[in-house]
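These are my notebook entries on a single chain, written as I looked things up.

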Amino acid sequence: MKVITISTRTLLANVHGFLIALLIFTSACSDPSEIGLVLEPDSNQIGVFYEEIPLSPYLVLADSFNTTSQGRLLVGGDQSEFFGTTQAIGYSRLSFNPNGIPPEPDALFDSAVFTMNVVDLIGEDFDEEKAFRVHRLTEPILDTAYYNFNHLSFEEDKTIASGSFLLEPDTVNQLRMDVSPDLSAELFEKLTTDDPAFDDIFAFRDYFPGIAITGDPGQNTSLSLATGSGTGMVLYYHYDGDTVSTAYPINTIQSRHFNGILNDRQGSAISSVVERGEAYEVPGERVGTKAGLGLMVKLDMSALHGFLDTLENITFNQIMLEVGPVEEYPEFKAPYNPLVMYFATEDNEIYRRFDGAKVAIQAEGQGHTGLDPEGNVVPTTNNQTGLIYNPEDRLYANQITSYVNAIYRSGLVRTDLFLYPNIPSTERNPVTSDAFKRSLREFKLPKENIKLKVYYTRIR
């Protein structure tokens, strides 16, 4: 790994403002004389240095990418010369309130609709209608873990609901589709005749295993649907003399669900990425990450580790990790913000501490190391930070000075890093959801646009 080095030495200043201004100014200088400084070799002086360290990126298709019950159903997909063709299918059981009051035998059926509660929407060409379909599963969703590569069979040529919509990005989209007349009549007949299918939730699953919701990758649009009362079926009925209908919901509230992702990489820039859990140096000049698919950027940090081994008697002033600028993207396909920087194992999995906690770079100014019950130095885990995205310059960046200090001075374990789209979890704001499994957001960038900017001083 080539390390690009720019070095500048300055006289000791008595005010911090001067030092900060000097650091910013000298970042582009390679010789002290360029900023009017002359050093006396026999005197005790401070040297202010700047190092720019490029980091090599790899792509890893996450293994065991569990999408079970993430609170979101991914539907739709996109086509890309870099990522290939991606299709997301949301699978879910349906449920009803077994203690609810079903319609009486003399109830009169009004209508049945399927609603989808859209909480995130990305795509292109929103002046065109986007079509989505709901299918009936032909096999059950089991009480087991499902991963993004898992799929279940469903009635592909038959829908229980379908519709085309003019979607509005950056707004709430509550989509409604008519349930097929055959299924509407079937469900209503079972409800009004005290059919055993509605005796309890287990009997209902035997009768109706669940749903699969699909879209067309050619539309370059994907939805993230919130599971719950807003996504599922509602049957409306009334009795003689009623002026309004009564609703009977059969929806995805508290229902087991998962997202299956189909990704055809043949002919794409990442066609070489085949095996899960392997690090690939992708041909060409670009690299990228895509949520839902579980495609992560892994940073080779050996250049930083080698650089630290060359230093003595130094103090780090500021260390910035910058990723970007990322490539331009359609207006409503912005990448996810922020990126958690997880430690990576040699087996290309997220590094876990002795107690199983996932380890990521901690917030600036926070401690990065502690002791385990046996007195060994271990990473801290309760105040994550992330690379923050600036849409103006399309740059992910954040300060990681404390992290590097912990490696240099406190014996923090040296690993490579994963860039993982998610909200950092902290003691005050613990995060239990996983954004990387809840959308198809992506970004691409030139490999050369990943670097560390290191400012440090050395006493002579």
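**Entry 1: surface and overall make-up.** I took accessible areas from the Shrake-Rupley method with a 1.4 Å probe, where for residues only the protein chains shown count as cover. On that basis the accessible surface of the chain comes to about 21,200 Å², and 47% of it belongs to carbon and sulfur atoms. I note that this is a predicted model, in which local features need pLDDT of at least 70 and side-chain atom pairs count only at pLDDT 80 or more, while totals for chains, interfaces and linings use all residues. Residues are numbered from 1 along each chain as its sequence is written, and side-chain values use heavy atoms, with hydrogens and water left out.

I call a residue buried under 20% relative accessible area, exposed over 50% and partly exposed in between, with a 1.4 Å probe and protein chains only. Of the 460 residues of the chain, 52% count as buried. Helices (H or I, at least four residues) and strands (E, at least two) are DSSP runs numbered from the N terminus, and I find five helices and 26 strands in the chain. With contact meaning heavy atoms within 4.5 Å, I looked at contacts between residues at least 6 apart in sequence, and 80% of these join residues at least 24 apart.

**Entry 2: helix α5 and its cover.** Which residues of α5 are buried? In this helix, residues 401–410, they are Thr401, Ser402, Tyr403, Val404, Ala406 and Ile407. What covers them includes α4 (302–308), together with the strands β18 (314–323), β19 (339–344), β20 (369–371), β23 (395–399) and β24 (416–421). After the helix comes Gly411, with a positive phi near 75°.

Entry 3: I looked up Ala344 in strand β19, and it is buried because its relative accessible area is 5%. Not counting residues up to four places away in sequence, Ala344 touches Lys298, Glu349, Tyr351, Thr415, Asp416, Leu417 and Phe418.

Phe208 is in the loop between α3 (201–207) and β10 (211–215), and at 1% relative accessibility it counts as buried. Leaving aside neighbours within four places in sequence, Phe208 is in contact with Leu94, Arg136, Ile160, Leu183 and Met233.

**Entry 4: salt bridges.** I count a salt bridge where a side-chain nitrogen of Lys or Arg is within 4 Å of a carboxyl oxygen of Asp or Glu, and the count comes to 18. One of them joins the side chains of Asp120 and Arg441 at 2.8 Å, N to O. Asp120 lies in strand β6 and Arg441 in the loop between β24 and β25 (442–446), so this pair ties together parts that are 321 residues apart in sequence. Asp120 is partly exposed at 22% relative accessibility, whereas Arg441 is buried at 17%.

Glu322 and Lys453 also meet through their side chains, at 3.2 Å, N to O. This pair links distant parts of the chain, with Glu322 in strand β18 and Lys453 in strand β26 (residues 450–459), 131 residues apart. Here Glu322 is buried at 16%, and Lys453 is partly exposed at 22%.

A further salt bridge, between Asp434 and Lys437, has an N to O distance of 3.7 Å; Asp434 is buried at 9% and Lys437 is buried at 12%. I also noted a network of salt bridges that links Asp78, Glu124, Lys290, Lys333, Glu442 and Lys444.

**Entry 5: backbone.** Most residues other than glycine have a negative phi, and most peptide bonds are trans. Where are the cis peptide bonds that I looked up? One joins Gly324 and Pro325, with omega about 10°, and another runs from Asn337 to Pro338, with omega near 5°. Pro325 is in the loop between β18 and β19, and Pro338 is found in the loop between β18 and β19.

Asp170 is not a glycine, yet has a positive phi of about 65°; this residue is in the loop between β8 (161–165) and β9 (173–178) and is exposed at 71%. Asn348, another residue other than glycine, has a positive phi near 65°, but it is buried, with a relative accessible area of 9%, in the loop between β19 and β20.
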